[in-house]
Amino acid sequence: MTESINHLEKIKNSLSRRNRAEKRFRWYGRTAIFIGLAAVLVLFTDIVNKGHGAFRITYIELEVTYDQDRIGVNNLTDPKELTRGNWEALSKTALRTEFPAVSGRSDKRELYGLISSGAGFDLKDRLLENPRLLGETERVWLLADDDIDTYYKSWLDGDTYSARMSAKQLEWIDELHQQGKIRLQFNSNLFTRGDSREPEQAGIRGAVMGSLLTLILTLLLSFPIGVSAAIYLEEFAPRNRWTDFIEVNINNLAAVPSIIFGLLGLAIFINFFHVPRSVPIVGGLVLTLMTLPTIIITSRAAIKSVPPSIREAALGMGASKYQTVLHHVLPLSLPGMLTGAIIGMAQALGESAPLLMIGMVAFIVDIPGGFSDPATVLPVQIFLWADSPERAFIEKTSAAIMILLSFLIVMNTVAVWLRKRLERRW
Amino acid sequence: MQATNILILILGLGVLAFFLGRGRSLALAKPLGGIRQLHSLPSYYGMHAALWCALPSLFLLCVWMLFDDSLINRLVLDSVAAEIAPNDTASYNLLINKISNLADGILPRKGESAALVAAADHLVSLRIISSWSLTAVLLTLSSLGLLWGWSRISASFRARPVVEKVMQNILLGCACLAIFTTLGIVLSVLFESIQFFRSVPIFDFVFGLEWSPQTAIREDQVGSSGSFGAVPLFVGTLLVSAVAMVVAVPVGLMSAIYLAEYASKTVRTYAKPALEILAGIPTVVYGFFAALTVAPFLRDLGASFGLSVSSESALAAGGVMGVMIIPFISSLADDVITAVPQSMRDGSLAMGATKSETVRRVIIPAALPGIVGGVMLAISRAIGETMIVVMAAGMAAKLTANPLESVTTVTVQIVTLLTGDQEFDSPKTLAAFALGLMLFTVTLLLNIFALHIVKKYREQYD
């Protein structure tokens, strides 16, 4: 009797300790979830904080005279004369008229540093669009140099960064600011231009086009092949060793590091079949092989979710096995397959390691127009910019990341929406 | 004519064949009293004709494209004058490039020797012959196929089984692509690795303690013999992965337990997808975050404690990698925890155990094999992860177990060795493939083992 009372006592005494342990355990769980969510939050705020500035860029207003003698071009329709023209003289002269007091070699060089080195070519494009401007004078907003841009933005935000500015340049910017001749404008270059060594000139258009071309090829190849493989494995494959072997291979390929696919592409497509480097064709092929397992696995799940009664009904009505699959199972499982395909494409869009292997990491200024033009893709562009030493590229990189993430968010939202909208519960 | 144009032409002919075949079967059926008298539906006769028309041509096109270039190059080289004939592979490639550039007009013809110009002209003419003969052969083949498929159509012809048989083989081919991919990976990596091990003994590679991959330009230069000891790389990889696991396993596991056992339905519906966002973020973004935010933060933090933390520390790369892996572990663990039968929970709770005691003493032991499998899959992912380490970890191979120092990993070295200028027969490039072989073998073994455990476990409770 006394023993059982002792036991009860023991249990009662330990209760508060056990309840404390229970509470602690619960807090561990909450902390874990909090850490995960905090990581998401910190990551996104950090990127947005760094990148939001890149959507606006500094312009300086100058008075430009399209002086024929200075450019050395008389006939605007002659391409030879156009390439020989001294376009930088336009922006340089404009700067000198704005600050007539500046003299001396080094001072002048600092003065020219206010404006982007590509500004002359922007003026050239402007002149070609409006040929009657030749010989005229007008006030134009010109793209500022990246150092000026970084300084001006940081100065506006109250957190001045002037490490790469000279005292004179600071003075000039101040003067321009008081006259209202320097301002931030929407940065359309970011969306309309290809890559450049000058941060203020660089844009993501080329990388976005490269990603688009690569993804189109990936989708065209991997979706039909993946769906066919899934149909075979779910509906037709006999239960034997060969089928098991295929399944083991698919499951393993899904977990093979992506960089290995890059090695495969390099050794087989480039070295053996002599497909040129850096082109969307190779990129698309490699990403196809990489996304195939994902698409096969999700398509199989979609086919599996179609109840057998549907197949039995079709077979009972005299349909052949193929008619059953093509007319009934496939249409019913298509939403699930599409969801899988979109998720696979999102994965392919964010992938960069295998593409480094096959040379899609080159510095490419031109915007690719076809599957066999040298191109790079958005994540690789991010990698390249992140490696660049110029401070202004940090902002650019973050902006490119924001754009990449918004593409991914849109794709995943569409996938979720499709699943919710079209999926049938049996 | 270009390959794409030919492809479109063949496909167009296939569509034409489909309609011709269908039309003929309909015409045959009319006097017999409708399509009921045919063995198969009219579209099957169409498909049959289309397959006969397009498939052989497509096959031939593929074969032709594969061998076209090398055959033409061979023919051109056989015809060139003896004085410029190449004597080894390098000069062979150089010569082919030069001739083809001359032929394409990329290089100016002025100033080149007569033999080269003649070879270029020969190349141009061969290319034209090849492309026209290809077109002619393919068109003939397609037309013959069409004619054959069309002529076989009769009321008693069993078109459906034939078409279905062909379709089944096409589907099988698609499924077998997975095997070919694996085979391709193994062959490409193995082939180059064997070449590498010819110049560097395999023992030195696997057990060597020094990694400085360079090849001599001159015989007598300083440090001309590069050393390819991969141990520092393995250690670096393990160090980064270990840091990642220290972050990912507790956080992932605890959040899975909380979401599966404690959280209300509303918390679950919002927290789970929010955590899974982490899995959808591209690795290059994590790399940027690690290199530009986490690493400087850790360095400054270390400095305020008087510790010297490298700005490319294993801690930064590994920590961020761990964050990336959290959702991977949590979703795998969630699967196995929810697969534990409810009766086991009920039994434990009925004996008076608290919820946390049930989790710790009953559910985790029951789910352990699955959790271990999941962790192993996560380790294999951490080992193979590339972009984060390329951007945030170091380049120099250091043999250290201190996570505050900078280390390099296998994947970083593969990327460094293979980007930039390279020739294919130097040990430096081939070393990347040997590293790839190591990486592939290790991850493959981990995956097979983990999948085996998970599968076995699943069967236990199903």
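**View 1. Burial in chain A of a predicted model.** In this predicted model, 44% of the 426 residues of chain A count as buried (20 or more other C-beta atoms, placed from the backbone, lie within 10 Å of the residue's own). Local features need pLDDT of at least 70, side-chain atom pairs count only at pLDDT 80 or more, and totals for chains, interfaces and linings use all residues. Residues are numbered from 1 along each chain as its sequence is written, and chains are lettered from A in the order in which they are written.

**View 2. Helices, strands and spread of chain A.** Chain A holds 18 helices and 3 strands (DSSP runs: H or I of at least four residues for helices, E of at least two for strands, numbered from the N terminus). With a radius of gyration of 31 Å, well over the 22 Å of the globule rule for 426 residues, chain A is more spread out than a compact globule. The radius is taken over C-alpha atoms, and the rule is 2.2 Å times the number of residues to the power 0.38. Along the principal axes, the C-alpha atoms of chain A fill a box of roughly 100 × 75 × 40 Å.

**View 3. Domains of chain A.** Domain 1 covers 2–52, domain 2 covers 56–189 and domain 3 covers 205–422; the bounds come from an automatic or database domain assignment. Over C-alpha atoms, the centres of domain 2 and domain 3 of chain A are 45 Å apart.

**View 4. Contact between chain A and chain B.** The contact (C-beta atoms, placed from the backbone, within 7 Å) takes 66 residues from chain A and 68 residues from chain B. On the chain B side, helix α5 (residues 159–199) gives the most, with 20 residues.

Technical notes:
Two residues are in contact if their C-beta atoms, placed from the backbone, lie within 7 Å. A residue is buried if 20 or more other C-beta atoms lie within 10 Å of its own, exposed if 12 or fewer, and partly exposed in between; C-beta atoms are placed from the backbone.
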